[in-house]
Amino acid sequence: MTVAVVGGGISGLVVAWRLRSRGRDAVVLETSSRLGGAVSTRAQQGFLLETGPNSFLDREPATRELASALNLEDRIRVADPAAKRRYVYTRGRLRSVPASPPAFLGSDILPPGAKLRVIGELFSGRAAAGVDESLADFGRRHLGRTATRVLLDAVQTGIFAGDVERLSVGATFPQLVKLEREHRSLILGAIRARRAQRKALPPGSTPKLSGALSTFEGGLGTLIDTLGASLGDAVRVGATVEGLTRVDGGWRLAVSEQGRRAELDASQVVLAAPAYVTKGLLQPLDVELAARVGGIEYAPIAVVHLGFDAATTPAPDGFGFLVPPTEGRRLLGAIHASTVFPFRVEAGRVLYTCMVGGAKRPDLVGLDEPALVALAREELEALAGVTAKPSLTQVYRWPRGIPQYTVGHLERMAAVDQGLARWPGLHLTGNAYKGVGLNDCIRNGLQLADALVAAGP
């Protein structure tokens with residue numbers, strides 16, 4: 001019997017692709033008319049625009065494995081070296097983020113007293129066992145108040161667009177918790193981890209995974225298009241799953257497709273839709289499980305692209321900038337998209353990708369498109385001095401954009417796993433649960449598919 005995958009975003013596509021590559025029958029049911037969810041690339045007026053995520057870090061073996069199997073490894077494009085410099089807007093202007101400890105000591109990213117407090121992290125202690133701290137509490141213990149407010153909050157803003165006081169450090173940055181548990185000090189842990197990594201490599205060799213910021217030739221949409229093409233008629237778009245029923249030997253799905261209702265029997269069901277959609281499918285089966293999944297919050301995000309013709313504005317330096325919420329600005333940050341990946345624009349053009357909204361300013365995402373464009377232009381002028389008029393403006397709005405792993409998320413996920421044990425053959429995957437990034441979705445999707453294959457029919 002087939003495995004029914006509900007949701008045609010990156011997670012669902014990866015699960016179905018892996019199953020079929022291992023000889024298992026699988027079908028993807030996607031309610032919209034296109035695949036990929038928030039991941040998509042659009043060509044417009046000489047610009048390549050990403051509708052959601054812009055890139056991935058080339059440090060996940062599963063992503064490389066997938067790219068290789070899809071014959072996309074040679075189409076991976078690494079960010080231009082000019083994009084290494086990053087900025088944070090703090091104390092009234094953009095300041096460069098130091099790339100090394102010596103550079104940090106000589107930088108102006110923090111006031112002198114705050115830098116001394118960061119150095120004092122060497123003497124930090126461990127948290128009590130079993131405590132799920134907020135990211136803010138963890139940061140203040142290790143780095144101090146100012147560094148947490150300026151640096152740590154900026155970093156989480158670029159990933160989660162969340163509230164640093166509410167996000168769980170164990171769920172959002174588990175590597176930090178691991179460093180603390182194993183080494184006490186984050187600084188000492190990072191130094192020791194780097195040394196161990198170097199020793200693990202044969203002399204003169206370089207790691208296959210560069211760790212560099214990367215995308216695919218043609219944008220991230222290339223990955224979605226290739227997965228969709230490889231799945232062929234196993235993908236059904238415009239197919240809405242309206243109900244799930246447990247039957248002997250598996251599951252029965254009620255599917256509405258092109259105005260017609262039908263039933264599909266499956267041995268296994270993978271729910272790869274957003275948590276709020278999955279809640280509706282689980283509600284008739286298991287009220288408690290549905291409540292757990294439905295309790296996952298989302299931060300709204302608006303992506304505002306501003307494209308400029310050649311010679312109308314200078315090409316910006318570096319990857320882009322982030323704005324800590326305490327600065328009180330209306331922009332979360334901006335990516336210098338044409339500097340990071342020059343192939344995404346025709347020669348000489350400049351593309352800024354601005355982010356608006358998040359957990360702290362959800363109201364801004366409700367503005368109409370002209371208002372969002374005006375906001376982005378005003379903020380870009382105030383923060384980065386960009387005064388030129390863009391030749392291209394494009395807004396992509398995600399009212400429920402980024403899942404928020406708030407304090408208690410790990411406990412929630414343990415309860416979800418226990419709840420799923422009551423329903424053999426029912427599985428969840430996606431960015432709402434155990435990682436929001438593209439790498440996370442690919443790794444988790446491949447692992448789930450492999451587990452289903454190993455378990456047999």
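**A tour from the cavity to the sheet**

Of the residues that line the largest cavity, two are nonpolar, three polar and three charged, where Ala, Val, Leu, Ile, Met, Phe, Trp, Tyr, Cys and Pro count as nonpolar, Asp, Glu, Lys and Arg as charged, and the others, Gly among them, as polar. This is a predicted model, in which local features need pLDDT of at least 70 and side-chain atom pairs count only at pLDDT 80 or more, while totals for chains, interfaces and linings use all residues. Residues are numbered from 1 along each chain as its sequence is written, and side-chain values use heavy atoms, with hydrogens and water left out.

To see the lining, select Gly162, Asp163, Arg166, Leu167, Glu297, Ala359, Gln404 and Thr406. A cavity here is a set of points, on a 1 Å grid over the protein atoms alone, where a 1.4 Å probe fits but cannot get out, and lining residues have an atom within 4 Å of a point.

Next, display the open sheet of seven strands, whose order is 8-7-16-17-18-15-19 with mixed pairing; strands are DSSP runs of E of at least two residues, helices runs of H or I of at least four, both numbered from the N terminus, and two strands pair if DSSP finds at least two bridges between them. Strand 8 (93-96) and strand 19 (392-404) are at the edges with a single partner strand each, so one side of each has no neighbour in the sheet.

Within this sheet, select strand 17 (residues 333-336), where Gly333 and Ile335 point one way and Ala334 and His336 the other, all of them buried, that is, under 20% relative accessible area with a 1.4 Å probe and protein chains only. Strand 17 pairs antiparallel with strand 16 (residues 320-322) over three bridges, Phe321 having Ala334 as its bridge partner, and four bridges join strand 17 antiparallel to strand 18, where Thr353 is the partner of Ile335. Moving on, strand 18 (residues 350-357) is joined to strand 15 (residues 297-308) by eight bridges, again antiparallel, and Phe308 has Val350 as its partner.

Finally, centre on Pro390, in the loop between helix 14 (369-384) and strand 19, which counts as buried because its relative accessibility is 11%. Leaving aside neighbours within four places in sequence, Pro390 is in contact (heavy atoms within 4.5 Å) with Leu306, Gly307, Phe308 and Arg377.

Conventions
On a 1 Å grid over the protein atoms alone, a cavity is a set of points where a 1.4 Å probe fits but cannot get out, and a pocket is an open set with protein on both sides within 12 Å along at least five of seven lines; lining residues have an atom within 4 Å of a point. Buried means under 20% relative accessible area, exposed over 50%, partly exposed in between (1.4 Å probe, protein chains only).
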